[in-house]
Amino acid sequence: MADNRIGVRELVELTVRTGDLDPVTTNSNNTAMLGASIHRRLQAAHDGNYEKEVYLAQTVTVNGVAYTIDGRADGVDTSKKRTVVEEIKTSARDWADVTQNTKDRYWAQARVYGHFLCDERDLAEVELDLIYYQTTTDQITRFTEVKTAAELADDFQDLLNDFGDWLKMRSDIVVRRDASIEPLPFPFPVYRKGQRELAAAVYRTVANSTRLFVEAPTGTGKTISTLFPVIKAMGAGLIQRTFYLTAKQSTRHVAEEAMALMTKHGLHAKSITLTAKDTITFADEPDDPSINPYMLGYYDRLKPALKDLLGHEDAITRPVIEQYAKKHTLDPFEFSLDVSLFCDVIICDYNYLFDPAVFLQRFFAEPDTGNFFLIDEAHNLVARAREMYSAELLDTDFATLRSAIDKQKGKGLPPVKGALSKVLTAFDAVRLTVNDQPLTFQKPQLDDFIAQLTGFTSAVHDWLGQDPDTRDQAVVDQVLPVFFSATSYLRIADYYNDAYETEIENAAGAIHLKELCLDPSQFISDCLDKGRGAVLFSATLSPLPYYQDILGGRDQSLAYRLPSPFPQENLKVLVTNFITPTYRNRESSLPALIASLTMMVSTKAGHYLIFLPSHSYLTTVADAFKAANPDLATVVQGGSMTSDERTTFLARFRDDPSPVVGFAVLGGIFSEGIDLGGDQLIGVAIVTVGLPGLNAETDRLRAYFDAQGQDGFAYAYQLPGFNNVLQAGGRVIRGAKDVGVVLLADSRFAGPRYAPLFPPHWTHATVATDLDDMAAQLTDFWEAHRENTPNA
């Protein structure tokens, strides 16, 4: 049975806190690395009888529901007569300027750890040491108190009594939820083909605490087939919360719709959709938190706001959060995070679990078997994870800042200027090592550079911790972007291992450094270890072993592939064996390509999309096609389309029944995540096998995976490109009655490198040897579906 988990810090903050929302807390990810470094330094100063990061936990029961309160004490020292529990706090503020509320929270946290330790080790009393490190002066202040086990137990009970309202609020939600789950039916009259089997596999995955990789073609109902069994597992007590993680806003809406559907069939569960801070922040919130009415007195208004919202809403979407946040004058982003503590299903972006800069510490600071993860469109996580665990810096940003503040005066600013100069010197030292080569890669980390960058962030941190009246806000605004870039680089530096290389670009008088993550699989796996298990699913996860490897599955996961629920004969997959539009052959193959595309769209008039691997090639093909077919309506994807332009592009397919041919970029905004059912789209042509353009970073990926004993070309080029092909081809058949054509305009699709990769619903693909053969096959296909297609 899975317990609800509540962190000690969370317990203390909800019960002890009153007053304002502390901006230092809300922006803590930008300075957390400095605090962690100080913690390690103070911990390392002890001898061998010192235990650091000691995990402590206790289970309490409220309203019949078990809650595990847990956390890590910074240190436990057993070398003295009386056991000492250390709680280390770092801040730029002088201790005299720390609010009493904050001091009370510090002590409350130390006392909880003291109680847990006394209980676990049968101690009669402990010494509690609160160590306060002021980063602006490197001053360490130590405060000590001795507490008996009985006193600490009483303190903890008082804390629990205060927290009782919060616990009961959550336990009442759980009791009501579980009572509704037991009789909950599958929210459709019948299961689609393969849907029941997928739901059963997901439930077993939860029960067995493992990971499942699922390729489920369009139409299998992936979202409801994963959410429904997870909700059932919740009702059985196997888990208490699930995170539905997505890459796109559109798939978040699908998850919301699935929850709404189950609600209509009797489910009473709280679901919330988290929105990025910069998106959900109210327009009238001032930048200065000291005058922000949504932050001032935040905690005084939080409890009534939570009771109001949770008492009236189950589906907590962005508009709902904004409605109640505005009503109770609360910052909407922070309010959404506090609300999420009481929710059963949390729908959010990948970064809330996987990104080391913004992950939800309140949920993922420690592993919790009460959590379970559903990773939608998991093929997108490969590139996203590489980005999350990479970081880059440009020396010109630091040089520009140094020039901008050179003549500025202010207390604490000279050390910032000096640290900036040292960073620029470190950039110059890196430049000397590459001997004027424009681009190099190296395995070792740039330790000397990292040291100077750390000095810069420390100097800025100290400067920011001083009295605001001593500095010009305009200077702060100039410094902060560079400071945040530096802290991001240092954060990734802590992860640097054999899966990294440092990219050094020396061009146009600038040095560009990048910590390049080649293989994020271990980091993904570590994140998934924070829950009981995970299901990673997509319409395109071929080949499954590749995705298991690159997404942290390896030997500890299961793989499952569902057949397409739609009639295979409704989809014509045709490979043109007479066209090989490689980069070198693009000009010579253009006439045959245009002829084949013209043949496809003229054999059956309707709506078609043609996908090309790049904008430049798209322009070439689109211009040639329009010249050959001046009477055919066309729409072309632009280089950087606005939201309105994208809507207009799709509206031509959705709202206008007249024939149209669209040209779009393979792997772009129109090749996945759009739904054009029925006669809105009857054919897709995919030109080339979709290989990413040759570039130095992708070549490093290839070399890395070759060295790991894998097929480097497949991992770096072939398989990511082929996934784009499968996604684009998946736009055609969206429903049981849809009929359409996928034209693969490249002879390589029929060769030994690609044909074995075809998913089961493409294995009936045929090959056209020339234009006449293609015309005959397409004519026969449409004749066979005359009664099933529009405008027949």
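The following legends describe close-up views of a predicted model. Residues are numbered from 1 along each chain as its sequence is written, and side-chain values use heavy atoms, with hydrogens and water left out. Local features need pLDDT of at least 70 and side-chain atom pairs count only at pLDDT 80 or more, while totals for chains, interfaces and linings use all residues.

**View 1. The nonpolar cores.** A nonpolar core is a set of buried Ala, Val, Leu, Ile, Met, Phe, Trp, Tyr and Cys residues joined through side-chain atoms within 4.5 Å; buried means under 20% relative accessible area and exposed over 50%, with a 1.4 Å probe and protein chains only. The largest such core holds 185 residues, and Phe-335, Phe-398 and Phe-456 have the most contacts inside it. Another core, of 33 residues, lies apart from the largest one and includes Ile-181, Ala-216, Ile-231 and Met-259.

**View 2. The surroundings of Phe-335.** Leaving aside residues up to four places away in sequence, Phe-335 touches residues including Tyr-298, Leu-302, Ile-321 and Tyr-324; contact means heavy atoms within 4.5 Å.

View 3. Helices (H or I, at least four residues) and strands (E, at least two) are DSSP runs, numbered from the N terminus. Helix 11 spans residues 318-328, and its buried residues are Val-320, Ile-321, Tyr-324, Ala-325 and His-328. They lie on the same side of helix 11 because they cover an arc of only 125 degrees around the axis, taken from the directions from the helix axis to the C-beta atoms. Pro-319 and Lys-327, on the other side, are exposed. The buried residues of helix 11 pack against elements including helix 10 (298-312) and helix 12 (332-340). Just after helix 11, Thr-329 has a positive phi of about 55 degrees.

**View 4. The largest cavity.** On a 1 Å grid over the protein atoms alone, a cavity is a set of points where a 1.4 Å probe fits but cannot get out, and lining residues have an atom within 4 Å of a point. The largest cavity has a volume of about 270 Å³, the volume being the space filled by probe spheres set on the points. Of its 19 lining residues, Pro-217, Leu-571, Gly-730, His-761 and Trp-762 are the closest to the centre. Helix 26 (residues 712-729) gives the largest share of this lining, three residues.

**View 5. The second largest cavity.** This cavity has a volume of about 160 Å³. Among its 17 lining residues, Arg-5, Ile-6, Glu-10, Arg-241 and Leu-341 are the closest to its centre. Helix 5 gives the most to the lining, with four residues.

How values were computed:
On a 1 Å grid over the protein atoms alone, a cavity is a set of points where a 1.4 Å probe fits but cannot get out, and a pocket is an open set with protein on both sides within 12 Å along at least five of seven lines; lining residues have an atom within 4 Å of a point.
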